[in-house]
Amino acid sequence: MPLSKNQTPAALDIPQDVDGLLRLAAQSMFDVLARSTEGMMVVDRHHRVVWISEGYKRFLPALGFNDEHEFVGKRVEDVVPNTQMLQVLETGKPVLVDLLTNKAGTFLVSRLPLRNDAGEVIGALGLVLLDHPETTMQPLIQKFARLQQELEDTRRQLAAQRRPKYTIASFIGASPAALEVKRQARRVAQTDSTVLLLGETGTGKELMAHAIHSASRRAHRPLVSVNIAAVPETLLEAEFFGVAPGAYTGAERKGRDGKFKLADGGTLFLDEIGDMPLALQSKLLRVLQEQEVEPLGSNTVMRIDVRVIAATSRDLAAMVAAGSFRADLYYRLNVLPIRVPALRERLDDIEALAEALGEDIARRSGMPQKLLSPDAIDWLMQQAWPGNIRELRNTLEQVSLMSDDMQLTAAHFQGGAALPATTAAAAAAVPAPATAPASTPAISTAQAVAPLPELIEALERDAIRRALQATGGNRMAAARLLQISRASLYERLARWPDLEVQVSGGA
């Protein structure tokens, strides 16, 4: 190209100083990008959009804006769904090639940090390199779609694993104490405030934590549990806050998320909070107050949204007075305290609890469920149960698995779990039928030639009478012994009301 009359050969030379050379390169690169890319955007350090190119303006209608005056000046995360410009602003690291999908379509994009003379990040430049890359970059798009699907599948699996196991209805009991604690649980579930569950060991504090989470607006998000007493003190900080890549010798190369990060958006259950070391209590207090965590070996602070439910069987107020628990942490945890009653305070729930626990024991062991006689229920209600529901379950499981009898009496729980069914205690517990031996249906010789429907009815009547006698008139237990539904039993008793009269009369 010939020189213009205003140019000299020296004016066309490349600058010899480094600063001039860099300015020339930056200007040239910007001009090339402005002409060749589909669109460009600049945001400042406060995330506000300060400029968009002419090419970018054609995406505005799809994003819901009529012109650039409605778009420029807004925070980028509010106007561009799924943008990663914030990551560039926070880390100062470029994202050279990425796929962005939002209401305007799918784009191949690049994001670069903008720095001042002091090297500080003062903004970011976003470039739309390619519009609708699915038409020209099919293999990359397919791989991206497959990775996205795998990510969603993994998230669903993790969510299923961390789904709450129990609801408020799972807290069995209709005693005044049980009804009150369930009422309190429903109330606190409607808030995001910290809950402190107090009570003796084995009362069901973990079940109550699951129940509160499942009744809250966070139910679709993870519930993460940590038993502080079960984690070595040296690992607690990493367990809670996570570890940055290569934070210490032996640390995972990719780092590891802590429990607070895993519970982001959901609930973190801290069991046995009274066993937390003093050194870690101050860090936990900061997380609760600021909703921020800083992984071990990292200088990056991460914002989190976690609802904390703590539980303890210890007297935290006494520990505060003794100096073994921080007072400020205690007050931060004790926002919504719920005291879970001991089993001895709700003995009226023993029968319902024994019924539910017996069903679970049978399901887990693969054995038929054992029935409890009235005197067995009375015996259970007379015990102190210092281990609460956990001790009750242990007792029921031990006696159920050690006895061959289908009905458990007080004698089984008093140390006779291995008594055979022919012992006097077992015989007394199950009255002998008045009309025939236990192994022989009560059908006379004359009946043997009766029509089949009559024979079947006689068998049913005799079986129901025996079941009612064996269970002391307990309809629910009798239905289970007969392996029929309660509705079926009630229907037959309505046809034969004399059966229950016979049982109550001792016949």
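Modeller: Start with S400, which is buried at a relative accessible area of 11%; buried means under 20% relative accessible area, exposed over 50% and partly exposed in between, with a 1.4 Å probe and protein chains only. This is a predicted model, in which local features need pLDDT of at least 70 and side-chain atom pairs count only at pLDDT 80 or more, while totals for chains, interfaces and linings use all residues. Residues are numbered from 1 along each chain as its sequence is written, and side-chain values use heavy atoms, with hydrogens and water left out.

S400 sits in helix α16 (residues 388-402); helices (H or I, at least four residues) and strands (E, at least two) are DSSP runs, numbered from the N terminus. Its side chain reaches the backbone oxygen of L396 at 2.7 Å. Beyond its neighbours within four places in sequence, S400 is in contact (heavy atoms within 4.5 Å) with K370 and L408.

Now the sheet. In the order β7-β8-β11-β6-β12, 5 strands form an open sheet with parallel pairing; two strands pair if DSSP finds at least two bridges between them. The edges are β7 and β12 (336-339), each with a single partner strand, so one side of each has no neighbour in the sheet. On average, neighbouring strands of this sheet are turned by 20° against each other, direction ignored; the axes are lines fitted to C-alpha atoms, for helices over the stretch in contact, and angles run from 0 to 180 degrees between N-to-C directions.

Across from it, V224 stands opposite L268 in β8, and N227 stands opposite D271 in β8. With β11 the strand β8 pairs in the parallel sense over 4 bridges, and here L270 stands opposite A310 in β11. In a regular strand the side chains alternate between the two faces of the sheet. Both faces of β8 are covered: T267, F269 and D271 are buried on one side, L268 and L270 on the other. That makes 5 of the 5 residues of β8 buried, so the strand is largely enclosed by the rest of the structure.

One of the elements lying on the sheet is helix α8 (residues 205-214), which lies across β6 (195-198), β7, β8, β11 and β12 and runs at about 150° to β6. Of the 10 residues of α8, 8 are buried: K205, L207, M208, A209, H210, A211, I212 and H213. Their cover includes α7 (176-189), β6, β7, β8, β11 and β12.

Leaving aside neighbours within four places in sequence, L268 is in contact with V224, V226, K259, F260, A263, V306, R307, V308 and I309. L268 belongs to the largest nonpolar core, of 30 residues, where F240, F260, L268, L270, I273, L284 and F325 touch the most other members; a nonpolar core is a set of buried Ala, Val, Leu, Ile, Met, Phe, Trp, Tyr and Cys residues joined through side-chain atoms within 4.5 Å. At least two residues of this core come from each of β7 (223-227), α9 (236-241), β8 (267-271), α11 (278-290), β11 (307-312), α12 (316-322) and α13 (327-333). The largest share, 5 residues, is supplied by α11. Apart from this core lies another, of 23 residues, among them F59, L63, F71 and F107.

The rings come last. Rings of Phe, Tyr and Trp (its six-membered ring) pair if their centres lie within 6.5 Å; planes under 30 degrees apart count as stacked, over 60 as edge-to-face and the rest as tilted. By this rule there are 9 aromatic pairs. F59 and F107 make an edge-to-face pair, 5.0 Å centre to centre with 65° between the planes. F59 is in the loop between β2 (49-52) and α2 (60-63) and F107 is in strand β4 (residues 105-115), so the pair ties together parts 48 residues apart in sequence. F59 is buried at 6% relative accessibility, and F107 at 4%. For F241 and F260 the centres are 6.0 Å apart and the planes at 10°, so this pair is stacked. It links distant parts of the chain, with F241 in helix α9 and F260 in helix α10 (residues 259-262), 19 residues apart. F241 is buried at 6%, and F260 at 1%. Finally, ring pairs link Y56, F59, F65, F71 and F107 into a cluster.

Conventions: Polar contact = N/O pair within 3.5 Å; in protein donor to acceptor, adjacent residues only side chain to side chain.
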